[in-house]
Amino acid sequence: MALRSLIMSSHEVTLEEFEAFSAVAVAHGTDFAHGYGWLPSAGSGPIMMVGNMPNAPTFEMKDLSPQVRKLLEDVEAGRGLQRDVLVGGVLAEQSANTDLVTLLRQVSTSSHNGDEKGIVFATFSIRRFLLFASLPLESWITRVALVEESGETTLFRHARMPGFSAEEPLTLTEGPMTFSLAVQYENTPFGTFFVEEKLANQLVFIAMMVLLSASAYLTLRQIRLSRKAAQISAEANYQKTRFLATMSHEMRTPLNGIIGMSDLLLDTKLDDEQRRNVQTLNHSAENLLALINQILDFSKIEAREVVLDPQIMDLGELVSNVINAVGVLASDKQIELVAIMPLDACISVQVDDMKLRQILTNLMSNAIKFTNEGSVTLRVDVIEKDSNERAVFRFTVEDTGVGIPAERLETIFKPFEQADSSTTRNYGGTGLGLAITREMLLAMDSDIRVRSEVGKGSAFGFELRLEADTHTPVLRKERCILGLQNMLVVMPDTPRRLAAIIELETVGAQPISAFTVDAARHVLEGALERNEPIGLVLAGDAPTAAAIRAYCAGREEFSKIKIAIVRSSVRNTQPLSKEEQAAADFFVASPHTAVTLTQNIASAFQHWFFSSGPDTAMTQPIQPPKVRYDGLRVLLVDDDKVNQMYGTSLLGKMGCEVGTAWNGQEAIETFGSGADWDVILLDCQMPIMDGYETARKLREAMQERRVKRRPIIALTANAQKGDREKCLAAGMDSFLSKPVRQGDVEAKFKELLRGWRAKSPAKPEAQEPEAPPPQPPMLVEPIDAQKVLIDDDDIPPAVPVAEPPPALTGLETLDELEGNAVQAAPEATKEETLPEYRPRAEIVATAVMLETKEMLGEAFVQLLQTFLDGVPGQLGAIDFDIDARNYDNVRLVAHTLKSSSKMVGAMAMAEVAELLEAEARAAEPSRIMALSYADALRRSFGNFVRVLDTAQNLAKSA
């Protein structure tokens, strides 16, 4: 033991050593010692007592027991220590405690005060000593005595334990102390011994096995729970995928009509403003399509993976499209939009244009949203080029808005975070735009930076290293014209002036700048004196241009000067004023790029040797010749009327001969009818037989040589990961995602029909109109759509009623109309009462009908007649499907009627069809509500026909 070693180690021990020993010994426990300490000789110092505590208390001599004081006096007198062991402790209150035994050792100590004499002592607890002694568990101690030279001193005695053996002597030694014990042992029968000694080990083993089994069971259960959680997660992901697929179909189908029809409009004769508006509509729809694609790529976003799809595109054109798309937002707030796009940035690059477009749109939309006055500028600079056809582009979006506090600059890039808590209330938004922007830029090996000052505005920027066509010269002839002209830019110090100067300088011009009209006059006169007359003045507004024209009027030396007004983007939607027309020779719309600015100026100087003639606007993009596929027989399979009409029109413009089918079964019959089809365009989601099953059956027939092998191209509104693989696995050759663009179709035909040669288009001959197909039973008398809609004026704003509103809403306003009766819905049983649903939407939305007619032209009459002919047959069996609980058919019919009703302006029908579709989609559809909606749908169709009938009568009487 450590304490015993100290006592017996040496006669020379210092007080400092003893204090250090005490601190260490107490900190780690001191065996079974009760206490220990230092007893100095009488009067030489305080008594130190350590009783299992780090701070040793001190006592006076009077606190010691009489026998300890006697021993100290003997040591002081030189008689030495008379006893080594005492029964009891050193203190007076412990002297009679027979549980304690004190071991004493006389030592001489050395300290800084000189030699001291004293006694080191250690007091032990007998019970603790016996507790640590190696005695059998089944023993009972009846007597303990301390053995000394003078004899034994009994420390304590216990009564004998009944049932135990007779007392047996036992001697224990601890250092200089010897104890004599009387011990009894338990009498254990053999059976008890066997159970306790042998079975105990078995029980321990069994208990261990039970614990191991329980642990294994819990582990297996945890594995099963983990697998179940994984299955639940997989099912949730599957349901999410189904939801995204459905959402894709529902959202992309109307986009197909918007983008497709705008493409058709762009191929017609339009003036500049109309073309710009249609292009803006087209590009906005494409931006929405890009956003839908990002949402449908949700699994990749969750995994923090953004897949890039680099394409070669014109960077200047992309920037112009972004500017035009957000121009409406800026115009509403009277905020000026500026693009600073030097010529070296208006080049072809390889980049994921959808993601770059979304990044710039996000930044521009944010800038406009947080700017109440001033301007928003998008600037692109080429800051580095290398010999490997790569360049570094710096994009910057700067505004004069509210600004962002410095402490919030990093927070705004976190999801659902904005500059402060009031931002959402004042400006709206979810706080996701910048977070998504940063994630996309990180995927493109870039990052976003920001600088801002509260009250002055913000600037967001990023850099992209892209493959670029840095060697192909751009607008060489136009640049020569600009290089021959001395130019003067008269504008105040604004971003619009900076854009004009930077872009002109990059095309080789050397413009002179003047902030005011007075300064411009001095520049004009100085140029004359240098014999370098100004040939073009770019003014910032009509008053400036008028002042310069007045100054130049009547002076021969200024007669050849041309004056242009660089119109602010705020005025783009406004017609030219008389003041502007009188003051300027031509106009430049803002925002502009170096290319569009150069084309405008070159066109104004009428150097037509590089254009098609003096009436060709240089700002109008030159359309490449359309690829013709005259005589190509295409089978178009789609269950949506609008998609069929658009596809038929588009393919017809390309010279194709188009046949149609409404579902897969009809497509198989049509394809195998003997007609020599060249290619099949196959929708994936159709009733009766979907596109995947149709493709498999057609491929089987082709492999068995029952029909000729022809390319099958999938058409689908789904755009999820794996859709292409699913189409190819079904036997299709390629994949087109809706909305289908003419360029996409041409590229696919070029890829799949390499050996096909165009047939000479036959000279069109007058043909007799085909007889109409057999019509299903009508619920109303037939209406001739051609007679109803001869001119736009034939479409009535509403059936005449006594008072407004101008457009009929609901059914109650038609109760007094005379016309064809609409067949009533089947009567409900006696126990059932059908609630009557009255739609709130217009029976005929005149504006919608006119818009559709304007888009389709003569084809609208055919569309309307098809609608009128088809609805009765669709509604005829809907009640039987409801009674048979065949809600899949009900849902498909309602879905089709919803979209077709909107196309012809039957908004009340569209409203009811949407409710019926939702009811059919429910987990447990209500038969009563479904029948009620079906009845309302029939009544709405009857009222729609009544309005057309009234219009027909008005047309006849006109």
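Are Arg-706 and Glu-704 buried or exposed? Both of these residues are exposed, where exposed stands for over 50% relative accessible area, buried for under 20%, and partly exposed for the range in between (1.4 Å probe, protein chains only). The model is predicted, with local features needing pLDDT of at least 70 and side-chain atom pairs counting only at pLDDT 80 or more, while totals for chains, interfaces and linings use all residues. Residues are numbered from 1 along each chain as its sequence is written, and side-chain values use heavy atoms, with hydrogens and water left out.

**Salt bridges**

- Side chains of opposite charge can pair when their charged atoms come close.
- Across the whole structure, a search finds 37 salt bridges, each being a side-chain nitrogen of Lys or Arg within 4 Å of a carboxyl oxygen of Asp or Glu.
- Arg-706 and Glu-704 are joined through their side chains in a salt bridge, at 2.7 Å from N to O.
- In the salt bridge between Arg-79 and Asp-74, the closest N and O atoms are 2.7 Å apart; Arg-79 is exposed, with a relative accessible area of 52%, whereas Asp-74 is buried, with 3%.

**A pair between two loops**

- Asp-676 and Arg-710 form a salt bridge through their side chains, at 3.1 Å from N to O.
- Asp-676 lies in the loop between helix H19 (664-671) and strand S25 (679-683), and Arg-710 in the loop between helix H20 (691-703) and strand S26 (712-716), so the pair ties together parts that are 34 residues apart in sequence.
- Helices (H or I, at least four residues) and strands (E, at least two) are DSSP runs, numbered from the N terminus.
- Asp-676 is partly exposed, with a relative accessible area of 36%, while Arg-710 is buried, with 19%.

**Cavities**

- The whole structure holds three cavities of 30 Å³ or more, a cavity being a set of points on a 1 Å grid over the protein atoms alone where a 1.4 Å probe fits but cannot get out.
- The largest cavity has a volume of about 130 Å³, a volume being the space filled by probe spheres set on the grid points, which are joined across faces, edges and corners.
- Of the 14 residues lining the largest cavity, the closest to its centre are Leu-636, Tyr-646, Gly-647, Leu-715 and Val-740, and lining residues have an atom within 4 Å of a point.
- Helix H18 (residues 641-653) gives the most to this lining, with five residues.

How values were computed:
1 Å grid on protein atoms, 1.4 Å probe; cavity = no way out; pocket = protein on both sides within 12 Å on 5 of 7 lines; lining within 4 Å.
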